[in-house]
Amino acid sequence: MKIATPLTSDNQIDGHFGHSINFRIFDISENKTISETFDVQSTGCGCKSSIAGVLGTHGVKIMLVGGIGEGAIHVLGNVGIQVIRGCSGNAEAAVKQYLAGNLTDGGDTCNEHEHGSCGH
């Protein structure tokens, strides 16, 4: 299984999915430990429609985020990625909390977005 998080420069979960440029992918072993991590970069509009395909290609199944819009949730869902909202703090610590069963979806969706000319 692979879990991803939008990442700030100090390894914290970015508070808003659409503002993040860097995403860390955590490869999870069969015994539910982190076996490897690597980063992918996003370009394009704030809704991050292009990163969904990249993450899907890498086998990501779970996205731990702070805030995220409904459109991005839909795009991620289309490539088989489940979104867990309301996450914060150190990305690796959040992944470990998720693996221990201590993180659940916060349910809040951002609804104030200005995408400019991206068209999404």
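The buried residues of helix 3 are Ala91, Ala94, Val95, Tyr98 and Leu99; buried means under 20% relative accessible area, with exposed over 50% and partly exposed in between (1.4 Å probe, protein chains only). They span an arc of only 140° around the axis, so they sit on the same side of helix 3. The arc is taken from the directions that lead from the helix axis to the C-beta atoms.

The model is predicted: local features need pLDDT of at least 70, side-chain atom pairs count only at pLDDT 80 or more, and totals for chains, interfaces and linings use all residues. Residues are numbered from 1 along each chain as its sequence is written, and side-chain values use heavy atoms, without hydrogens and water.

Helix 3 covers residues 91-99 and lies across strand 1, strand 2 (22-28), strand 3, strand 4 and strand 5. It runs at about 145° to strand 1. Helices (H or I, at least four residues) and strands (E, at least two) are DSSP runs, numbered from the N terminus. Strands 1 to 5 are among the elements that cover the buried residues of helix 3.

Both ends of the helix were examined. Just after helix 3, glycine 101 has a positive phi of about 85°.

The 5 strands form an open sheet in the order 3-2-1-4-5, with mixed pairing; two strands pair if DSSP finds at least two bridges between them. Strand 3 (34-41) and strand 5 (82-84) are the edges, each pairing on one side only. Strand 1 (residues 2-7) and strand 4 (residues 60-64) run parallel and are joined by 3 bridges. Alanine 4 has methionine 63 of strand 4 as its bridge partner.

Key:
Contact = heavy atoms within 4.5 Å. Axes fitted to C-alpha atoms, helices over the stretch in contact; angles between N-to-C directions.
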